[in-house]
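Dear colleague,

I am passing on the structure we spoke of, with the sequence alongside. Below it you will find an account of what turned up when I went through it, element by element.

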Amino acid sequence: MARIVRVARSSSSSSSSLFGFGSRFYSTSAGVSHASPSSPFLHGGGARRDAAKDRNVQWVFLGCPGVGKGTYASRLSSLLGVPHIATGDLVREELASSGPLAQQLSEIVNQGKLVSDEIIVNLLSKRLEAGEAKGESGFILDGFPRTMRQAEILGDVTDIDLVVNLKLPEEVLVEKCLGRRTCNQCGKGFNIAHINLKGENGKPGISMDPLLPPPQCMSKLITRADDTEEVVKARLRIYSETSQPLEEYYRSKGKLMEFDLPGGIPESWPRLLEALRLDEYEEKQSAVA
Ligand SMILES: Nc1ncnc2c1ncn2[C@@H]1O[C@H](COP(=O)(O)OP(=O)(O)O)[C@@H](O)[C@H]1O
């Protein structure tokens, strides 16, 4: 608590203490070399296909609830060997721990509201410190920052290389949130929704097959308490109110990569790798595996 109060009043020079980051988190990566065709990162034909391990990946995933931030951030984290840190998971861990914050958090989360910047920064700070102690380097943040204050705090303590903004039409997002399931034994996420949105007004349709669990998980599926229609709609509304300034902030810094998901994982994953210029890297990794 004391740490965030200090930061809230401080200039950027002392904000680093908030996160307790070691020096590795301050370094700027070798430069952004990933892009979507429409992104400002695409510098002529000189695409640099650096080995991902040589980059200090400090990425942020933005996107509405249900868009698939967790899925793609987690796949990229395995591919690049950097931690995927989802602040929603940190909140759920805290809820499950029945620690002193749990009661307060459950009321906020179950109404679809945002946890205070203070609490969320503290949870993230602890997670980063623990990771640093284990020798982790880089990160893919999912669900943070969600407010301008969080973005400013993050910007004060570290250099974000790239912000990926995942997008899907709103009709799809509600269905996807309501179809989410987690196996309470292995912890893996699945989705039972069949999405089939027809194209109209020049916009392409979207179809997504469900991501079904293997037989051993089938009887152990649980639904998040905050994935009811009412709470999902509240979360989407809050997201659209708070996301615009964030997108603008990262766009003005030339860090925002917009990515319209073309469909489910089979269509979207290769396109995302291409946009990030990681397609060749992934092929090499698969060949070695
Ligand atoms: N950066 C954040 N700032 C404030 N609250 C957060 C943040 N990240 C997660 N939360 C809280 O945890 C809940 C679950 O987060 P998350 O799993 O990311 O949900 P979503 O599916 O809505 O993206 C959010 O509804 C919110 O209450």
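Helices, of at least four residues, and strands, of at least two, are taken here as DSSP runs and numbered from the N terminus. On that basis the protein has 12 helices and 10 strands. Please keep in mind throughout that this is a predicted model. Buried residues make up 34% of its 289 residues, and of the contacts with a separation of 6 or more, 74% are between residues 24 or more positions apart.

The sheet

Five of the strands form an open sheet in the order E2-E3-E1-E4-E10, and their pairing is parallel. Strand E2 (84-86) and strand E10 (256-260) stand at the edges and have a single partner strand each, so one side of each is left without a neighbour in the sheet. From one strand to the next, the twist averages 20 degrees.

Within this sheet, strand E1 (residues 58-62) pairs with strand E4 (residues 162-167) over four bridges, and Val-60 has Val-163 of E4 as its bridge partner. E1 also pairs with E3 over four bridges in the parallel sense, where Val-60 stands opposite Leu-141. E2 and E3, for their part, are joined in the parallel sense by three bridges, and the bridge partner of Ala-86 in E3 is Asp-142.

In a regular strand, side chains alternate between the two faces of the sheet. In E3, Phe-139 and Leu-141 point one way while Ile-140 and Asp-142 point the other, and all of these are buried.

Helix H3 (residues 69-80) packs on the sheet, where it touches E1, E2, strand E3 (139-142) and E4, and its direction makes about 175 degrees with that of E3.

In helix H7 (residues 148-157), the buried residues include Gln-150, Ala-151, Ile-153, Leu-154 and Val-157. These cover an arc of only 165 degrees around the axis, which puts them on the same side of H7. As background, an α-helix has 3.6 residues a turn, so residues three or four places apart point the same way.

Helix H8 (residues 170-179) has Val-172, Leu-173, Lys-176 and Cys-177 as its buried residues. Seen down the axis of H8, they fall within an arc of 130 degrees, so they line one face of the helix. Among the elements that cover them are strand E5 (180-183), strand E6 (189-191), strand E7 (195-197), strand E8 (206-208) and helix H10 (229-252).

Met-208

Met-208 is found in strand E8. Why does Met-208 count as buried? It has 24 other C-beta atoms within 10 Å, and a residue is buried if 20 or more lie within that distance. Leaving aside neighbours within four places in sequence, Met-208 is in contact with Ile-195, Gly-263 and Gly-264. Ala-193 is 15 residues from Met-208 in sequence, and the two are 8.1 Å apart in space, C-alpha to C-alpha.

The ligand

There are 17 residues around the ligand, of which Pro-65, Thr-87, Gly-88, Gly-143 and Arg-146 come nearest. By type, the residues of this shell divide into eight nonpolar, five polar and four charged. Helix H4 (87-96) and helix H5 (102-110) each supply at least two residues of the shell, and the largest share, three residues, comes from H4.

With kind regards

Notes. Residues are numbered from 1 along each chain as its sequence is written. This is a predicted model: local features need pLDDT of at least 70, side-chain atom pairs count only at pLDDT 80 or more; totals for chains, interfaces and linings use all residues. A residue is buried if 20 or more other C-beta atoms lie within 10 Å of its own, exposed if 12 or fewer, and partly exposed in between; C-beta atoms are placed from the backbone. The arc is that of the directions from the helix axis to the C-beta atoms. Two residues are in contact if their C-beta atoms, placed from the backbone, lie within 7 Å. Two strands pair if DSSP finds at least two bridges between them. Axes are lines fitted to C-alpha atoms, for helices over the stretch in contact, and angles run from 0 to 180 degrees between N-to-C directions. A residue is near a molecule or strand if its C-beta atom, placed from the backbone, lies within 6 Å of it. Ala, Val, Leu, Ile, Met, Phe, Trp, Tyr, Cys and Pro count as nonpolar, Asp, Glu, Lys and Arg as charged, and the others, Gly among them, as polar.
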